[in-house]
Amino acid sequence: MANETAKEAAKIAADKKAADRRKKVLNIGIDLGTSRCVIACDNGVRTFIPSYVGFPKDAVSRKMFGRDVIFGDDAIKHRMALNLYRPFDKGQLKHGDVPDANTKEYKDAVSIAKTLVKYLKELATEGKDTTNTTVRAVLGAPALASRVNKKTLLDIADGVLDDVMVASEPFCVAYGLKLYTAALIIDIGAGTVDLCRMHGIIPTEEDQITTLNAGDYVDKVFFDLLKKDFPEANFTVNMVKKFKEENAFITNQSEGVFIELPVKGKPTKHDVSKELRQACRAIVPEIVEGIRRLIATFDPEFQDSLKENVILAGGGSQIIGLKKEIEDYMKEALGYGRVTKVEEPLYAGANGALMLCRDMPDEYWDQIRSKASERRKDG
Ligand SMILES: Nc1ncnc2c1ncn2[C@@H]1O[C@H](COP(=O)(O)OP(=O)(O)OP(=O)(O)O)[C@@H](O)[C@H]1O
Ligand SMILES: [Mg+2]
């Protein structure tokens with residue numbers, strides 16, 4: 001009798017698997033970033049939003065928006081009327097210092113991030129009905145989050161995406177560029193800089209280094225320097241971040257870089273080249289130390305091939321002069337170094353995640369699915 005029941009259960013599971021296989025599949029590469037979430041899908045959708053989620057503060061703001069939740073640029077623009085959240089910080093889900101998954105803080109943080117992922121799915125599917133579609137995603141996350149916090153990321157995707165696999169962002173970048181071997185990827189994001197060496201296999205712990213001084217840190221240093229040097233001027237971190245994104249450089253250029261900041265309400269020009277250069281330089285020492293460590297601890301016979309192929313990705317890779325600064329350092333410390341910037345710093349991670357998503361065989365996704373249902377059973 002027990003045997004019959006087991007047979008029946010196995011048949012139901014097999015039928016379900018076969019039915020799932022008959023469904024259309026939509027593959028999505030998601031780069032779940034601290035400052036931007038980017039998606040690339042095999043239906044041709046490619047887009048990004050700043051990683052902000054806002055909830056109307058009261059009945060008036062709810063009436064004004066006509067919605068219960070606002071995302072991205074809209075959320076930043078209307079932040080005065082919203083409780084505004086940026087779910088990730090320093091490469092991890094922001095939930096205070098509470099390591100316990102049963103706390104309210106953790107559950108709230110997961111719920112906000114889930115809202116964001118749901119919205120990304122809506123963008124990917126262009127709001128179409130997905131009843132007959134298996135929505136499959138590779139979630140590129142900062143290397144730190146993908147190693148330490150994988151369960152959290154799976155909790156975030158649970159119930160939103162049908163099948164999900166977590167991969168580290170720099171690995172996604174490498175995969176997308178078909179750099180499976182002899183390459184050192186440096187993904188300079190907002191919350192983290194992730195360094196990862198590729199040598200023909202999925203990178204392990206030893207192949208990856210994460211540092212926490214990234215784009216947000218540049219903004220903070222820039223903001224603090226401006227506060228110190230121009231105490232009479234009035235500005236926010238958001239304002240100086242925008243300015244940085246248009247002007248970031250670390251070369252020794254002689255012409256000034258000017259920003260207009262209000263002084264007692266009057267827009268006033270300030271030459272901020274010194275402060276901007278210093279702020280952008282602030283992330284370089286840890287990056288070059290990371291490069292040195294990953295090269296020095298690599299098989300000596302293959303070290304030269306890594307030095308040949310250092311790849312910069314992520315928003316921070318657009319700092320003018322960064323490539324040369326790193327090459328100069330490598331020349332001094334390691335004898336030689338060749339650095340290249342990816343062509344699409346914004347989409348490189350999501351593109352690679354999409355390719356990975358497409359390339360994984362059905363059997364692999366079946367395994368992922370049964371692991372996910374076991375996780376759910378275990379609570
Ligand atoms: N032209 C630019 N020059 C310098 N920095 C820039 C430029 N454009 C964007 N940035 C910075 O790049 C960072 C965002 O990059 P990216 O989108 O790769 O990060 P993320 O994926 O959201 O963050 P993380 O990978 O840390 O989670 C921000 O700090 C942003 O200010
Ligand atoms: Mg990133």
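At what angle do helix α4 and helix α6 pack, and how far apart are their axes?

**Ground rules.** I'm working on a predicted model, where local features need pLDDT of at least 70, side-chain atom pairs count only at pLDDT 80 or more, and totals for chains, interfaces and linings use all residues. Residues are numbered from 1 along each chain as its sequence is written, chains are lettered from A and ligands numbered from 1 in the order in which they are written, and side-chain values use heavy atoms, with hydrogens and water left out.

**α4 and α6.** I looked up α4 (residues 104-125) and α6 (residues 150-157): the angle is about 55° and the axes are 8 Å apart. Helices (H or I, at least four residues) and strands (E, at least two) are DSSP runs, numbered from the N terminus. Axes are lines fitted to C-alpha atoms, for helices over the stretch in contact, and angles run from 0 to 180 degrees between N-to-C directions. The two helices are therefore oblique to each other; under 35 degrees is roughly parallel, over 145 roughly antiparallel, 65 to 115 roughly perpendicular and the rest oblique. I noted that Tyr106, Val110, Ala113, Lys114 and Val117 in α4 meet Lys151, Thr152, Asp155, Ile156 and Ala157 in α6 (contact is heavy atoms within 4.5 Å).

**α7 and α14.** Next I checked α7 (residues 169-176) against α14 (residues 348-359), which pack at about 75° with axes 7 Å apart. That makes α7 roughly perpendicular to α14. Phe171 and Tyr175 are among the α7 residues in this contact, and Met355 and Leu356 are among those from α14.

**α8 and α10.** The contact includes Phe222 and Leu225 of α8, and Leu276 and Ala279 of α10.

**The second largest pocket.** Which residues lie nearest its centre? I found Lys150, Met165, Val166, Tyr364 and Ile368, out of 30 lining residues. On a 1 Å grid over the protein atoms alone, a pocket is an open set of points where a 1.4 Å probe fits, with protein on both sides within 12 Å along at least five of seven lines; lining residues have an atom within 4 Å of a point. α5 (143-148), α6, β10 (163-168) and α15 (362-377) each supply at least two lining residues. The largest share, eight residues, comes from α15.
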